[in-house]
Amino acid sequence: MADPLTELKTRWQTISDLRHAAAVLHWDQSTYMPPGGAAARGQQLGTLTRLAHEHLVDPRLGGLLDQLERNGGACLPGSADAALVRAARREFDRAVKVPARFVAALSAHTSALYDTWTRARPADDFGAVRAGLERSLDLSRELAGYFPGYDHPADPLIDYADHGMTTAALRTLFGALRAQLVPLVETITSQPPPDDACLRQEFPVDQQRVFGQALIRKFGFDFQHGRQDESPHPFMTSFATGDVRITTRFQLHELGDGLFSTLHEAGHALYERGVNPAYDRSPLAGGVSAGVHESQSRLWENVVGRSRAFWEQAYPELQTVFPDQLGPVTLETFYRAINRVERSLIRTEADELTYNLHVMIRFDLELAMLEGTLAVGDLPHAWRERYRTDLGIVPGNDRDGVLQDVHWFSGTIGGGFQGYTLGNILGSQFFQAACAAHPAIPAAIAGGRFEPLHGWLADNVYTHGCRYTPTELVEQATGHPLDIAPYLGYLETKFGELYTL
Ligand code: ZN
């Protein structure tokens, strides 16, 4: 009979293969599947998900974990195997604590609500989703209830995506950030906005794609181990370190959308591709948390991809691709256009500075709903009030208000938004640490060379996969716990140069 560690690893390979097979079907569903495939695809995904879950909650797996943990653990403390047992335990415990009938009920409810939402949003009809959202709130509370001992019902939901984070810690962190951001946005938006008309000319999609692919190739995206396809909502998915997929949405009359979503998803892909291949098919595979994942997409999209240094070398190339559109536009005009700050309604289209305010509004509202201080029926009003106070703009309808994001309509209420702002904070913290280790990184970026930055991230973040907790990873890579100072410093320097602060 195999030793318990070998058996655990072998069993996990089956779980991993089933999940990644489901991920391939998801990817196909979002890219190439004809509409007629939907019903069969739903059944196929349901079967694979159920099989993976059955393998995960197998009591034999729990027995192996018990055996491995007995007597202080069979693995060397601090070793990759010890981390593997820890990561497997965390997933196993989460899976067995939640009854299978609840998982099925939640899944059936959220797919029905999602379907309703896809029609309610264009119709601007909050009433159509209200009862469903109330049920989601009940189910979210019930899910939290399977993890007793928390201080706030959002805690287990947050911990699932961003292990180690709590509502209380995030409230403190976001409060401090918001206190700096609101007046900064106020100061900037009281000044005349830069002209960004240059981004809204006609840009043939084929050329956009070729240019974007050339950029991410330079970042280190490897088309022998990845693909880029198109989908209405850009995403990244990975089936192994050797096969990572990104999707992009191109618009003929808007250059920024396709360009920056390409850089964003490529950042996610570089992370997944960079995990130690020895961790494939194990609990250590993949990115460690929503926040750390988002730190990589935002770092490549914004810290690099919206920097002046980057465009000093890339802009002449972009002008060559679009001579009629951008030939007469100076680098300065283009740089200001891609960094235009404005009070806006839609999170996914928000600039770097206001983006976090959108996230915090959602975070606070979902906490209030979970606490029972905000009723679902009052949500549209509460949404408008927070937009008024935080962003100084009020949506004229629910389509561009409370109905705009898919999260609450396709999953739990709680745990879905904090990762975006954590990612912005961490992206700057990692970048600062990389530049401290290799002071030549900014000059390399200005010269179109990304290997020094990519190499540091690969060695200090990517390769570790889930070997360390997010908290351990951040401290180890940057020498400090999570800290908003590098991010605020970055924003003040960058926007202080673009605007009068
Ligand atoms: Zn992302």
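Biologist: Is histidine 268 buried or exposed, and what is its relative accessible area?

Modeller: This is a predicted model, where local features need pLDDT of at least 70, side-chain atom pairs count only at pLDDT 80 or more, and totals for chains, interfaces and linings use all residues. Residues are numbered from 1 along each chain as its sequence is written, and side-chain values use heavy atoms, with hydrogens and water left out. Buried means under 20% relative accessible area, exposed over 50%, and partly exposed in between, using a 1.4 Å probe and protein chains only. Histidine 268 therefore counts as buried, at 9%.

Biologist: What are the protein donors of the zinc ion?

Modeller: Donors are N, O and S atoms within 2.8 Å of the metal (3.2 Å for Na, K and Ca); water is not among the atoms, so sites may look incomplete. Along the chain, the zinc donors follow the spacing H-x3-H-x25-E. Lying 2.1 to 2.4 Å from the ion, they are His264 (NE2), His268 (NE2) and Glu294 (OE).

Biologist: How many disulfides does a search of the whole structure find?

Modeller: A disulfide here is a pair of cysteine sulfur atoms within 2.5 Å. The search of the whole structure comes back with zero.

Biologist: And how far from cysteine 75 is the nearest cysteine sulfur?

Modeller: Cysteine 75 counts as buried, at 14% relative accessibility. Cysteine 75 is in no disulfide, and the nearest cysteine sulfur, that of cysteine 466, is away by 17 Å.

Biologist: In what order do the three strands of the open sheet run?

Modeller: Two strands pair if DSSP finds at least two bridges between them. The pairing in this sheet is mixed, and the order is β1-β3-β2.

Biologist: Why is one side of β1 and of β2 left without a neighbour in the sheet?

Modeller: β1 (226-230) and β2 (236-240) each have a single partner strand. β2 pairs with β3 (residues 243-248) in the antiparallel sense over four bridges.

Methods:
Helices (H or I, at least four residues) and strands (E, at least two) are DSSP runs, numbered from the N terminus.
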